[in-house]
Amino acid sequence: GRGPPALAALSQVLRLERSRRTGIMFPLQKLERYLAPGTDTAGFHIFEPELGALQRAEELFRSGPGHPIDYVSSAVRMEHAPPPALPEVCFIGRSNVGKSSLIRALFSLAPEVEVRVSKTPGHTKKMNFFKVGKYFTLVDMPGYGYRAPQDFVEMVEAYLQERRNLKRTFLLVDGVVGLQKTDHIAVEMLEEFGIPYVMVLTKIDRAPRGLLLKNVLGIQEFVKEKTQGCFPQLFLVSSVEFSGVHLLRCFVAHVTGNLPAVETS
């Protein structure tokens, strides 16, 4: 079968020179050096796991004998969803935000897992469930906005309100265009339901540094001033360059209870 792409594994990242290594493992840290003096950077350093925690998290995302990573099923209604047996995380975002590409990058060390990535926005029409061994389940939700399924709100609202094993929702925002009107609607829904969530900025390889900085600082301010359920640190990712993917794997492992807390403080 096909092997994992370059930089999918930490061992490959650690061979890089220091600046590039930091940029891939901790994209916020790389961005921090370009901030104006006096800028509040507390939100840049909340989740900074040690190398050992990053490596342990990676093993959860690496399939092997006795640790299968499988697509389980798809559902358009909650009664079709698999039983809520394991801790669960879900990924939501605007159509064409790069959600399926990110999930494929997270699962790149389990190349047998098929995550369909469409060139057509709004391709994901169902909730797709992926089981990571005996540890947790990851759910790819339909995209909202352009070409969203008609029953999107009904499907997603029911899931968010009823799924008692949901540990964290990952709200994906395009790093090039920043928060859009439809993203604000998603934020309002998560806040209304009291769902703990985290914002992930995608496609950071496509955003010029100045624009990315502007979007990061603007969204951090929004999170601080306007939200209660959002984790105060943003996660920056590139599914192409694998920037931030290792850190995001670690955060997923952490929120699903699969990492000792002491390693992630």
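**The sheet and its neighbours**

Modeller: Seven strands form an open sheet in the order S1-S3-S4-S2-S5-S6-S7, with mixed pairing. Strands are DSSP runs of E with at least two residues, helices are runs of H or I with at least four, and both are numbered from the N terminus. Two strands pair if DSSP finds at least two bridges between them.

Biologist: What makes S1 and S7 edge strands?

Modeller: Strand S1 (69–75) and strand S7 (235–236) each have a single partner strand, so one side of each is left without a neighbour in the sheet.

Biologist: Where does the model come from, and how are residues numbered?

Modeller: This is a predicted model, where local features need pLDDT of at least 70, side-chain atom pairs count only at pLDDT 80 or more, and totals for chains, interfaces and linings use all residues. Residues are numbered from 1 along each chain as its sequence is written, and side-chain values use heavy atoms, leaving out hydrogens and water.

Biologist: How do you know that S2 pairs with S4?

Modeller: Strand S2 (residues 88–93) and strand S4 (residues 136–140) share 4 bridges, in the parallel sense. The rule asks for at least two. Val89 stands opposite Leu138 in S4.

Biologist: How many bridges join S2 and S5?

Modeller: S2 and S5 have 6 bridges, again parallel. Here Cys90 stands opposite Thr169 in S5.

Biologist: Why is S2 called mostly covered?

Modeller: Buried means under 20% relative accessible area, exposed over 50%, and partly exposed in between, with a 1.4 Å probe and protein chains only. In S2, 6 of its 6 residues are buried. Glu88, Cys90 and Ile92 point one way, Val89, Phe91 and Gly93 the other.

Biologist: Why is helix H5 called largely enclosed?

Modeller: In H5 (residues 99–106), 6 of the 8 residues are buried, so the rest of the structure largely encloses this helix. Among them are Lys99, Leu102 and Ile103.

Biologist: What do the buried residues of H5 pack against?

Modeller: They pack against S2, S4, strand S5 (166–174), strand S6 (197–202) and helix H9 (245–255). A contact means heavy atoms within 4.5 Å.

Biologist: How do you know that the chain agrees with a compact globule?

Modeller: The radius of gyration is taken over C-alpha atoms, and the globule rule is 2.2 Å times the number of residues to the power 0.38. For 265 residues a compact globule would be near 18 Å; the chain has 17 Å, which agrees. Buried residues make up 53% of the chain.
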